[in-house]
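Please look over the sequence and the model displayed below before reading on.

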Amino acid sequence: MDVNVLSTFPGPVPAPLLALAAMFSVQLGAALSTHLFAALSPAGSVWLRLSVAAAVLLGLTRPRPRDFSPSAVRGVLALGTASAAMTLAFVEALDRIPL
């Protein structure tokens, strides 16, 4: 079954809905990952979060590697590195601040 999930929507997804989904995803991931700190550490929890997110994204979009230019790959790697650093900083702060 080769179904592109993004093509099943009847039209473009409204930007506010995408923003709310992103906020919900970040907060839910942070809330769930705090319980993993004792077993994995904050860095391990971030690695697990980002790995699962990447696997889900790859599974939903199924990109073809040959469609990407080297400059696009560098951009993806830069964005991934920045996202990982930001998530790690956020989760490390959650570990240190008593909530």
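What percentage of the 99 residues of the chain count as buried? In this predicted model, the share of the 99 residues that count as buried is 11%.

**Overall fold**

The chain is made up of three helices and has zero strands, so that its order along the sequence reads α-α-α under the DSSP-based assignment. Along the principal axes, the C-alpha atoms occupy a box of roughly 45 × 30 × 25 Å. Among the contacts in the chain with a separation of 6 or more, 74% are between residues 24 or more positions apart. The accessible surface of the chain is about 7,700 Å², and carbon and sulfur atoms account for 74% of that area.

**Charges and salt bridges**

The chain carries 6 positive and 4 negative side chains, with 7 Å between the centres of the two sets. Side chains of opposite charge can pair when their charged atoms come close.

| Salt bridge | N to O distance |
|---|---|
| Asp67 and Arg64 | 3.1 Å |
| Glu92 and Arg96 | 2.5 Å |

In the pair formed by Asp67 and Arg64, Asp67 is partly exposed, its relative accessible area being 47%, and Arg64 is likewise partly exposed, with a relative accessible area of 47%. In the pair formed by Glu92 and Arg96, the two residues belong to helix α3, which covers residues 70–96, and because they are four residues apart there, about one helical turn separates them. Glu92 has a relative accessibility of 22% and counts as partly exposed, while Arg96, at 60%, counts as exposed.

When neighbours within four places in sequence are left aside, Thr87 is in contact with Val46, Arg49 and Leu50. Another position, Leu18, is 69 residues from Thr87 in sequence, and the C-alpha atoms of Thr87 and Leu18 are 19 Å apart in space.

**Backbone angles with positive phi**

Which value does phi take at Ser41? Phi of Ser41 is near 85 degrees, which is a positive value in a residue other than glycine. Ser41 lies in helix α2, which spans residues 37–61, and with a relative accessibility of 29% Ser41 counts as partly exposed. Arg62 is also a residue other than glycine with a positive phi, in this case near 45 degrees, and Arg62 is located in the loop between α2 and α3.

Terms used: Residues are numbered from 1 along each chain as its sequence is written. This is a predicted model: local features need pLDDT of at least 70, side-chain atom pairs count only at pLDDT 80 or more; totals for chains, interfaces and linings use all residues. Side-chain values use heavy atoms; hydrogens and water are left out. Buried means under 20% relative accessible area, exposed over 50%, partly exposed in between (1.4 Å probe, protein chains only). Contact means heavy atoms within 4.5 Å. Accessible areas come from the Shrake-Rupley method with a 1.4 Å probe; for residues, only the protein chains shown count as cover. Lys and Arg count as positive and Asp and Glu as negative; His and the chain ends are not counted. The place of a charge is taken as NZ of Lys, CZ of Arg, CG of Asp or CD of Glu. A salt bridge is a side-chain nitrogen of Lys or Arg within 4 Å of a carboxyl oxygen of Asp or Glu.
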